[in-house]
Amino acid sequence: MDQPKLKTTIAVLGCGDVGATLAYTLILQSVCSEVILVDPKKELLEGQVRDLSDATYRGGSGTKIRAGTHKDAGQADIVVITAGAKQKPGESRLSLLSRNLHILSSIFTSMAPISPHTILLLVANPVDILTYFARKLSGLPESQVLGTGTSLDSARLRGILAQKAEVAPNSIDAYVLGEHGDSQFIAWSSAAIGITPLRLVLPDQLTPDFKASIAAHTRGAAGAIIRAKGCTSYGIGNIAASICKYILFDSRSVRPLSFYQPDLDCCLSMPAVVGRRGIIKAMPVELDEDERGQLLDCARGLRAVIEGAEAELSADVKLEKALEMDKGS
Ligand SMILES: NC(=O)c1ccc[n+]([C@@H]2O[C@H](COP(=O)([O-])OP(=O)(O)OC[C@H]3O[C@@H](n4cnc5c(N)ncnc54)[C@H](O)[C@@H]3O)[C@@H](O)[C@H]2O)c1
């Protein structure tokens, strides 16, 4: 007879700025019973585990933290991938692709065999492209592979619209959709405060210039923070922890997340219901003609990058095979 499962485990791959902040948030919010940290930098890993353990001893948190291997991570309920190079000041997310794709591919080799019940949450950038490849490399059903996508951009949008409308951020229902990157767009046509369309709340302000300045703010916020402090970590740490909570608590919250879009053959952010099995379902969305055009442009750009990356990955496989044959001869 199967033993009852007593623990909920979240593995965080990469314990740099984002991974450590996420682990800290998971501990403070007691999202799971165990957090496993994995990082090839042994000294950093040990230091983070000791420091974060200190945060678990205050009595309020039921979460334990330990260092683990990629193999351990492959059996966790949720694997969050923050492993990878971070953006340098002024660098686009897409230029991280080559470095982070190689790290991603080595992670799946080291984690194998991955539990068929694991949910993968991608945070490392470029998150939409890595989510697409994680789905292929892991062999998991597509509903179990998701990326944080534009959740952070949407939180920033909420923040700025809340200031303009003088209401609480959690009363704003407005999403940034598409790529977590330069081709993202705001679904202005469906933006609302409670049940009131945004155009009724800010009737004189919603001009093209206003919209363009808000879009520039949400698109450029990460770059400004990275220039100032070298990374972004609190916003994304908090958002990734909330997504883990929605999954483990099967909360069925609706969030803009990156997941596979069969009609566009790429992963990008659209609103989805998230729960214990990952993406429970995509929510139907009404976009106006302009937004629909932006969505298609965004998907075209992502597809072009995917095709380039596929060629690079298959060249790697050929090179590895050739090196193996050379060793054997
Ligand atoms: N999706 C978002 O909204 C968002 C927001 C912020 C940062 N990010 C991305 O998150 C990633 C991490 O950012 P950071 O600031 O924490 O970087 P960081 O350099 O501080 O940490 C990355 C860590 O990953 C580790 N790592 C490398 N290879 C690994 C492997 N195979 N297994 C496990 N760990 C491995 C490194 O040793 C390092 O400690 C970056 O790609 C960054 O662009 C995404």
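Reader: From which domains does the shell around the ligand draw at least three residues each?

Author: Keep in mind that this is a predicted model. The shell around the ligand takes at least three residues from domain 1 (9-147) and at least three from domain 2 (151-305).

Reader: Which residues of that shell come nearest to the ligand?

Author: There are 33 residues around the ligand, and the nearest are Gly14, Gly16, Val18, Ala83 and Asn125. Two elements give two or more residues to this shell, namely helix 1 (17-28) and helix 4 (97-111). Helix 4 gives the most, with 4 residues.

Reader: Take Gly19 to start with. Is Gly19 buried or exposed?

Author: To answer, count the C-beta atoms around the residue; the cut-off for buried is 20 or more others within 10 Å. Gly19 has 28 other C-beta atoms within 10 Å, so Gly19 is buried. Gly19 is part of helix 1. Setting aside residues up to four places away in sequence, Gly19 touches Val12, Gly14, Leu37 and Thr82.

Reader: And Asn100, in which helix is it found?

Author: Asn100 sits in helix 4. Asn100 is buried too, because 23 other C-beta atoms lie within 10 Å. Beyond its neighbours within four places in sequence, Asn100 is in contact with Gly84, Ala85, Ala124, Asn125 and Leu130.

Reader: Now the backbone. Which residues does a cis peptide bond with omega about -5 degrees join?

Author: For a peptide bond, the angle to read is omega. The cis bond with omega about -5 degrees joins Asn125 and Pro126. Pro126 lies in the loop between strand 5 (119-122) and helix 5 (127-138). Pro113 belongs to the loop between helix 4 and strand 5.

Reader: Where are Asp250 and Arg252 found?

Author: Asp250 is in the loop between helix 9 (234-248) and strand 12 (253-261). Arg252 has its place in the loop between helix 9 and strand 12 as well. For exposure, the cut-off is 12 or fewer C-beta neighbours within 10 Å. Asp250 has 12 such neighbours and therefore counts as exposed. Arg252 is exposed, because its count is 12 other C-beta atoms within 10 Å.

Reader: Let us step back to the domains. How many residues of domain 1 are in contact with domain 2?

Author: One way to describe how two domains meet is to count the residues on each side. Here 36 residues of domain 1 are in contact with 31 residues of domain 2. On the domain 1 side, helix 1, strand 4 (78-81), strand 5, helix 5 and strand 6 (145-147) each supply at least two residues. Helix 1 has the largest share of that side, 7 residues. By class, the side of domain 1 that touches domain 2 comprises 20 nonpolar, 9 polar and 7 charged residues. The centres of the two domains, taken over C-alpha atoms, are 22 Å apart.

Reader: Last, the whole chain. Why does its radius of gyration agree with that of a compact globule?

Author: A compact globule of 329 residues would have a radius of gyration near 20 Å, and the protein chain has 20 Å, so the two agree. The C-alpha trace spans about 70 × 55 × 45 Å along its principal axes. The chain has 10 helices and 14 strands, and 42% of its 329 residues count as buried. Of the contacts between residues at least 6 apart in sequence, 70% join residues at least 24 apart.

How values were computed
Residues numbered from 1 in each chain as written. Predicted model: local features only at pLDDT ≥ 70, side-chain atom pairs only at ≥ 80, totals over all residues. Near = placed C-beta within 6 Å. Domains from an automatic or database assignment. Contact = placed C-beta atoms within 7 Å. Rg over C-alpha atoms; globule rule 2.2 N^0.38 Å. Nonpolar A, V, L, I, M, F, W, Y, C, P; charged D, E, K, R; others polar.
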